Amino acid sequence: MVSDESRRWIDAWKRVGEGERNGIRCPRNDDDFLILEWIQGKVPDSPVGEWWLHCPTCGAQSFMRVASEPD
Ligand SMILES: [Zn+2]
């Protein structure tokens, strides 16, 4: 069974995937807006990296692997 929090993270990833970078509420506690940081993958010449989504207030975090660099 998928928890409500998991569902909200999935929704947050989806919004990031659609290009949203600001204004996504913390999926865990709804206490702040998520901060997004791009982490480039370590493999040379590979566009694969990750978005690190984290909440500055409660510390909830999640990594979202993506296949191409952000715009
Ligand atoms: Zn939070």
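**Legends for close-up views of a predicted model**

View 1. Trp-51 sits opposite Met-64, a residue of strand E3. Strand E2, residues 49-54, pairs with E3 in the antiparallel sense, and six bridges link them. Here, strands are DSSP runs of type E with at least two residues, helices are runs of H or I with at least four residues, and both are numbered from the N terminus. Two strands count as paired if DSSP finds at least two bridges between them. Please keep in mind that this is a predicted model: local features need pLDDT of at least 70, side-chain atom pairs count only at pLDDT 80 or more, and totals for chains, interfaces and linings use all residues. Residue numbers start from 1 along each chain as its sequence is written.

**View 2. The open sheet.** Three strands, in the order E1-E2-E3, form an open sheet with antiparallel pairing. At its edges lie strand E1 (35-40) and strand E3 (61-66), each pairing on one side only. From one strand to the next, the twist averages 20° (axes are lines fitted to C-alpha atoms, and angles run from 0 to 180 degrees between N-to-C directions).

**View 3. The protein chain as a whole.** Along the principal axes, the C-alpha atoms fill a box of roughly 40 × 25 × 20 Å. Of the 71 residues, 11% are buried, which here means that 20 or more other C-beta atoms, placed from the backbone, lie within 10 Å of the residue's own.

Terms used: A residue is buried if 20 or more other C-beta atoms lie within 10 Å of its own, exposed if 12 or fewer, and partly exposed in between; C-beta atoms are placed from the backbone.
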